[in-house]
Amino acid sequence: MPNYSGNLNLAKPIPMEDVADIQVINDNMDKIDAWSTGIDEKTKAATSEIPGIVKYGTEAATALEGHRMAQIQGVEKCGGDVQTPGVKKVGYSYWCTANKDFYVCKVENSLNYIDSAYFDAFSNYSLLGKLQNL
């Protein structure tokens with residue numbers, strides 16, 4: 001008698017006990033096929049509010065992988081939102097939802113707001129403002 005998988009309830013024959021049965025194999029394939037039908041349609045709308053498979057890329061409605069974002073910004077890592085509680089690490093970039101700007105942490109801290117003693121703004125918009133004031 002086979003064991004069964006946890007998610008799709010696929011038959012898992014026991015080695016040295018069960019004989020290969022083509023019908024069992026076909027039933028497993030039918031279950032996989034039914035499960036995978038329309039999977040692209042089911043995950044197209046995946047957002048922070050709707051669970052699903054995240055699609056990575058640089059086009060609209062895709063996510064930019066954190067490591068790639070850090071490379072683009074020229075920082076060690078992306079640390080997330082500055083408003084999220086926790087330690088902010090030196091060399092990590094943080095997004096401030098209040099100011100709509102990226103900041104790099106220059107002194108390790110646990111702040112959930114921007115203080116210029118601990119963070120430097122470095123997004124294109126803030127740099128543009130500094131250049132225009134030269």
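Biologist: Which residue stands opposite S93 in β5?

Modeller: V104. Keep in mind that this is a predicted model, where local features need pLDDT of at least 70 and side-chain atom pairs count only at pLDDT 80 or more, while totals for chains, interfaces and linings use all residues. Residues are numbered from 1 along each chain as its sequence is written, and side-chain values use heavy atoms, with hydrogens and water left out.

Biologist: How many residues lie between the strands in the hairpin of β4 and β5?

Modeller: Four, and K100 in that hairpin takes a positive phi near 55°.

Biologist: What's the strand order in the open sheet?

Modeller: β3-β4-β5-β6, four strands with mixed pairing. β3 (77-81) and β6 (119-121) sit at the edges, each pairing on one side only. On average, neighbouring strands are turned by 30° against each other, direction ignored. Helix α3 (residues 66-73) packs on the sheet, where it touches β3, β4 and β5, and its direction makes about 105° with that of β3. Axes here are lines fitted to C-alpha atoms, for helices over the stretch in contact, and angles run from 0 to 180 degrees between N-to-C directions.

Biologist: OK, zooming out. How many helices and strands does the protein have?

Modeller: Four helices and six strands. Along the sequence the pattern reads β-β-α-α-α-β-β-β-β-α. Those elements are DSSP runs numbered from the N terminus, with helices being H or I of at least four residues and strands being E of at least two.

Biologist: What share of the residues is buried?

Modeller: 19% of the 134 residues. Buried means under 20% relative accessible area, exposed over 50%, and partly exposed in between, using a 1.4 Å probe and protein chains only. As for contacts with a separation of 6 or more, 12% are between residues 24 or more positions apart; contact means heavy atoms within 4.5 Å.

Biologist: Is β4 mostly covered or mostly open?

Modeller: Mostly covered, with four of its five residues buried.

Biologist: Which residues make up the largest nonpolar core?

Modeller: There are nine: V82, Y92, Y94, C96, Y103, C105, L111, F119 and A121. A nonpolar core is a set of buried Ala, Val, Leu, Ile, Met, Phe, Trp, Tyr and Cys residues joined through side-chain atoms within 4.5 Å.

Biologist: What does Y92 touch?

Modeller: Leaving out residues up to four places away in sequence, Y92 touches E76, K77, G79, Y103, V104 and C105.

Biologist: How many aromatic pairs turn up in the whole structure?

Modeller: Three. One is Y94 with F119: the ring centres are 6.1 Å apart and the planes are at 80°, so it counts as edge-to-face. Y94 in strand β4 and F119 in strand β6 are 25 residues apart, so to speak a link between distant parts of the chain. Both Y94 and F119 are buried. Another pair is F102 with F122, which is tilted because the centres are 6.4 Å apart and the planes are at 45°. That pair also links distant parts of the chain, with F102 in strand β5 and F122 in the loop between β6 and α4 (124-132), 20 residues apart.

Biologist: What are the cut-offs for a ring pair?

Modeller: Rings of Phe, Tyr and Trp (its six-membered ring) pair if their centres lie within 6.5 Å; planes under 30 degrees apart are stacked, over 60 edge-to-face, and the rest tilted.

Biologist: Why does F102 count as partly exposed?

Modeller: Because its relative accessibility is 21%. F122, at 18%, counts as buried. Ring pairs also link W95 with F102 and F122 into a cluster.

Biologist: Last one: where does E65 lie?

Modeller: In the loop between α2 (39-43) and α3. E65 is partly exposed, with a relative accessible area of 35%. E65 and V54 are 11 residues apart in sequence and 10.0 Å apart in space, C-alpha to C-alpha.

Definitions and conventions:
Two strands pair if DSSP finds at least two bridges between them.
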